[in-house]
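Hi,

Here is the structure I promised to pass on.

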Amino acid sequence: MQNKSLNYDPSIFDHASIEGAKEIVLTTESGISTQTRWDTETPWLLNLIGKHIIKPSGLVVDYGCGVGRLAGPLVDQGYSVIGVDASSSMRQHATNLIASERFMAMTPATLEQLVGIGIKADFVLAIWVLQHCFDLDAEVGRIYKTLNKGGIVGVADMRHRAVPTNQGWCDDGRDVKETLSRFFMPIQQYPYNPPSAPKGLQGSAYVAFFQKNR
Ligand SMILES: C[S@@+](CC[C@H](N)C(=O)[O-])C[C@H]1O[C@@H](n2cnc3c(N)ncnc32)[C@H](O)[C@@H]1O
């Protein structure tokens with residue numbers, strides 16, 4: 001992605017309408033619509049997340065929160081959630097959708113400033129986001145710095161990368177799980193098999209949890 005013709009281009013994540021944004025957050029796959037995926041995958045993921053949140057009153061960071069699909073229910077469960085997203089329109093949609101004093105949306109740079117003054121999270125979620133990040137090591141390093149020692153990071157991703165470029169999605173060959181394993185201790189992995197899982201994602205996606213132990 002360093003030559004002149006292929007450039008990182010995250011503008012695909014900018015959508016003025018909430019419906020357009022939802023379709024980017026959860027694309028229609030193998031004929032399974034955005035709405036069906038939202039209705040079936042979301043509770044399935046929340047159930048797995050619930051098994052791994054170790055501190056009931058802890059601070060959650062939803063890294064790449066999109067429109068707040070997972071942050072919203074976590075706020076409803078009583079958690080305070082910081083939604084972090086690189087896209088200003090996603091941050092705006094999440095703020096509109098969640099509208100709770102226990103939620104705020106911010107940029108990765110602002111999160112880094114908070115971490116710099118000692119604010120840390122107990123649980124970081126990164127659902128369908130690390131596969132899309134341009135500088136994987138930098139983003140995983142930021143998540144590492146964001147977590148308290150003993151904290152958990154929960155990830156859902158494809159086994160291949162899909163970095164947005166001016167020529168479409170690009171697989172740069174980087175390995176998200178291997179990168180996470182250099183920073184964190186793997187604790188549990190699940191096959192991606194929510195009800196109505198799109199066939200194209202079964203076998204090519206996973207959910208995994210890691211712990212910060214140093
Ligand atoms: C496929 S969506 C998933 C959204 C949400 N996690 C969900 O599952 O509903 C990916 C999100 O990650 C955000 N994103 C992409 N690259 C990012 C980065 N480097 N830092 C923070 N957010 C990023 C996008 O703007 C988008 O909202």
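Is Ile18 buried, partly exposed or exposed? Ile18 is partly exposed, because 15 other C-beta atoms lie within 10 Å. On the scale I used, a residue is buried with 20 or more other C-beta atoms within 10 Å of its own, exposed with 12 or fewer, and partly exposed in between, with C-beta atoms placed from the backbone.

Before the rest, two words on the source. This is a predicted model, in which local features need pLDDT of at least 70 and side-chain atom pairs count only at pLDDT 80 or more, while totals for chains, interfaces and linings use all residues. Residues are numbered from 1 along each chain as its sequence is written.

Back to Ile18, then. You'll find Ile18 in helix α1, residues 18-25 (helices are DSSP runs of H or I with at least four residues, strands are runs of E with at least two, and both are numbered from the N terminus). Setting aside neighbours within four places in sequence, Ile18 is in contact with Val67 and His93; contact here means that the two C-beta atoms, placed from the backbone, lie within 7 Å. Arg214 is 196 residues away from Ile18 along the chain, and their C-alpha atoms are separated by 40 Å.

Next, the ligand. It is surrounded by 20 residues, with Phe13, Gly64, Gly66, Arg69 and Ser87 the closest (a residue is near a molecule if its C-beta atom, placed from the backbone, lies within 6 Å of it). By class, that shell splits into 13 nonpolar, 4 polar and 3 charged residues. For the classes, Ala, Val, Leu, Ile, Met, Phe, Trp, Tyr, Cys and Pro count as nonpolar, Asp, Glu, Lys and Arg as charged, and the others, Gly among them, as polar.

Ser89 lies in helix α4 and is partly exposed, with 18 other C-beta atoms within 10 Å. Once neighbours within four places are left aside, the contacts of Ser89 are Asp14, His15, Ala16 and Ala21. Ser89 and Asp14 are 75 residues apart in sequence, yet their C-alpha atoms are 5.6 Å apart in space. Gly72, in helix α3 (residues 71-76), is buried, as 21 other C-beta atoms lie within 10 Å. Not counting residues up to four places away in sequence, Gly72 touches Leu97 and Ile98. From Gly72 to His160 there are 88 residues in sequence and 28 Å in space, C-alpha to C-alpha.

Now the helix packing. Two packed helices are described by the angle between their axes and the distance between the axes. Helices α6 (residues 136-146) and α7 (residues 176-183) pack at about 40 degrees, with axes 10 Å apart. That angle makes α6 oblique to α7. For reference, axes are lines fitted to C-alpha atoms, for helices over the stretch in contact, and angles run from 0 to 180 degrees between N-to-C directions; under 35 degrees counts as roughly parallel, over 145 as roughly antiparallel, 65 to 115 as roughly perpendicular, and the rest as oblique. From α6, Leu136, Asp137, Val140 and Tyr144 meet Val176, Thr179, Leu180 and Phe183 of α7. This contact has 6 nonpolar, 1 polar and 1 charged residues.

On another pairing, α6 meets helix α5 (residues 108-116): the axes come within 10 Å and cross at roughly 35 degrees. Here the crossing is left-handed. Pro108, Leu111, Glu112 and Val115 of α5 make the contact with Arg142, Lys145 and Thr146 of α6, and these residues divide into 3 nonpolar, 1 polar and 3 charged. Arg142 is buried, with 20 other C-beta atoms within 10 Å, and touches Pro108 and Glu112 when residues up to four places away are not counted.

Ala99 has a positive phi, near 40 degrees, in a residue other than glycine. Ala99 sits in the loop between α4 (88-98) and β3 (103-106) and counts as exposed, with 11 C-beta neighbours inside 10 Å. Trp128 is not a glycine either, and its phi is positive at about 55 degrees. The loop between β4 (121-127) and α6 holds Trp128, which counts as buried with 20 C-beta neighbours inside 10 Å.

Cheers

Methods: A crossing is left-handed if the near helix is turned anticlockwise from the far one by less than a right angle, and right-handed if clockwise.
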